[in-house]
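The paragraphs below lead through one protein model, from its overall outline to a few individual contacts. Please keep the sequence and the structure in view while reading.

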Amino acid sequence: MKQYFNLFDFSQKVDYKTEVLSGLTVAMALIPEAVAFALIAGLSPLTGLYAAFMMGLVTSILGGRPGMISGATGAVAVVIVTLAATHGVEYVFAAVVLAGILQVSAGALKLGKLMRLVPHPVIFGFVNGLAIIIFMSQLDQFKGGDGSWLSGSTLYILLGLVFLTMLIIWGLPKLTKAVPASLTAILVVFGLVTVLNIDTKTVGDIAAIKGGFPPFHLPAVPFTFETFQIIFPYAAIVAGVGLIESLLTLNIIDEITETRGRGNKEAVAQGIANMLSGVFSGMGGCAMIGQSLINISSGARARLSGIVASVMLLVFIMFGSSLIEQVPMAALTGLMIMVSIGTFEWASLRTFTKMPKSDVFLMVLVTLITAFLHNLALAVLVGVILAALFFAWDNAKRIRARKNIDANGVKHYEMFGPLFFGSIAAFNEKFDVLNDPAEVIIDFQESRVVDMSAIEALNKLTERYHKVGKKVHLKHLSPDCKKLLANADELIDVNVIEDPTYKLVVD
């Protein structure tokens, strides 16, 4: 049954059966992740579950990317673990609320467009690193309580159930797409374990998930500047990591679905969700690439799946905890391993011999930082900075000059390529001030003066010509270049028809 209806988007086609079934699958996949991330942060399991409910519900309704799933995440957990250990959970709630305020501000200021600065190799590295994190996190299921690897029948049973789950998820779509493969796999393994009374680890062995509706609770912290100083660094990092992971996930879902999400709207929704999570006893979070890919691969494309996932998660917490606690962890482990395999950009490996070496280096570096430091913000920041430096270095070598002397003895320099801080040295090498004729024309029709360093280079060059008594003209400069040159009236030939109108970067 398909109809044209969706919350806040009345033109989007919604397949209700697919959305609801996908939402159920995501709800079950959210439980172990939320519990695990809460434990990583040193908080109670319900703190992660409440965050998953609030983050998922609010962003599904208000977010800028239908089909994307948000919840408690490891990226946030590793940031707040120190705050939780040193100051307690109330300061965590306060930091989450402040992080939400910062994210709403970022969305209102339309800073989401800054994601355009993230180059594709960095996105590849980010995605591959996340895939490795998702896979590595599943290896804990193959360890006992003392941290040692399982062995014997316990290990073989777990491996068999995991491989069965993966086989169903891989093979069922080749036979039929009437039901989500992920949900089918979970139900089959759950039924098999129940009927045969197989002894294997379940969700309940990790932690009890029974609870009530998230309690409204203002953070019990002193409203002082000292408190602000304590929580602000954590809040800023949570806000930054949350936005980076959410907006990159949004871009990935955009590519898969061949549609376009709204980054600034998603930033506002993430902020509102974190604010509400902080006052409803949640640890906060952001978009979850694993659960989002489960949702999208199950066929969901609308907001309904995320709403169903969040509501069903709350239903499980309040009424169905005893049943959900019996779900074998093997089924969820197999599901997440398949998610990690699907998340990894295998196509990026085939481009190693085709991509520029700098791009390959960026991709590998961002992958390693993401996978081993679990610091997504640092990985993306390092990637963007290095990409900018590589770009500047490459463009610094592109400045060229065509030289000729006309019939009147005037020497012409026709410049090609951008003139900016990185290309100034190469630019200066093009001119032979002492041996040039008495009159010189430097033409920027095929070039561009980019920044203040370039303007200063032009000022110094003209001074060198003046010192030896030679006259120089600068042609085809933009109006703001003319304003910033010291001797513009004497140097520049104004041509209103041909002169460019670009703006100079002066900040």
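A residue is called buried when its relative accessible area is under 20%, exposed when that area is over 50%, and partly exposed in between, with a 1.4 Å probe and protein chains only. By this rule, 52% of the 507 residues of the protein chain count as buried. This is a predicted model, in which local features need pLDDT of at least 70 and side-chain atom pairs count only at pLDDT 80 or more, while totals for chains, interfaces and linings use all residues. Residues are numbered from 1 along each chain as its sequence is written, and side-chain values use heavy atoms, with hydrogens and water left out.

Along its principal axes, the C-alpha trace of the protein chain spans about 100 × 55 × 50 Å. The chain is divided into domain 1 (16-390) and domain 2 (398-487), with bounds that come from an automatic or database domain assignment. The centres of domain 1 and domain 2, taken over C-alpha atoms, are separated by 54 Å. The protein chain has 21 helices and 9 strands, where helices (H or I, at least four residues) and strands (E, at least two) are DSSP runs, numbered from the N terminus. If contact is taken to mean heavy atoms within 4.5 Å, then among contacts between residues at least 6 apart in sequence, 78% join residues at least 24 apart.

One place to look at such contacts is the meeting of two helices. The axes of helix α1 (residues 16-40) and helix α14 (residues 329-343) come within 10 Å and cross at roughly 95°, which makes α1 roughly perpendicular to α14. Here axes are lines fitted to C-alpha atoms, for helices over the stretch in contact, and angles run from 0 to 180 degrees between N-to-C directions; those under 35 degrees count as roughly parallel, over 145 as roughly antiparallel, 65 to 115 as roughly perpendicular and the rest as oblique. On the α1 side, Met 28, Ala 29, Pro 32 and Glu 33 meet Met 329, Leu 332, Leu 335 and Met 336 of α14.

Side chains of opposite charge can pair when their charged atoms come close. A salt bridge is counted when a side-chain nitrogen of Lys or Arg lies within 4 Å of a carboxyl oxygen of Asp or Glu, and by this rule the count comes to 4 salt bridges. One of them joins the side chains of Arg 65 and Asp 254, at 2.5 Å from N to O. This pair links distant parts of the chain, with Arg 65 in the loop between α2 (45-62) and β3 (70-71) and Asp 254 in helix α9 (residues 225-257), 189 residues apart. Both Arg 65 and Asp 254 are buried.

Another salt bridge joins Glu 414 and Arg 402, whose side chains meet at 3.2 Å, N to O. Because Glu 414 lies in strand β6 (residues 411-419) and Arg 402 in strand β5 (residues 400-405), the pair ties together parts that are 12 residues apart in sequence. Glu 414, at 26% relative accessibility, counts as partly exposed, and Arg 402 is partly exposed with a relative accessible area of 48%.

Asp 394 also forms a salt bridge, with Arg 398, the closest N and O atoms being 2.8 Å apart. Asp 394 is partly exposed, with a relative accessible area of 31%, and Arg 398 is partly exposed at 42%.
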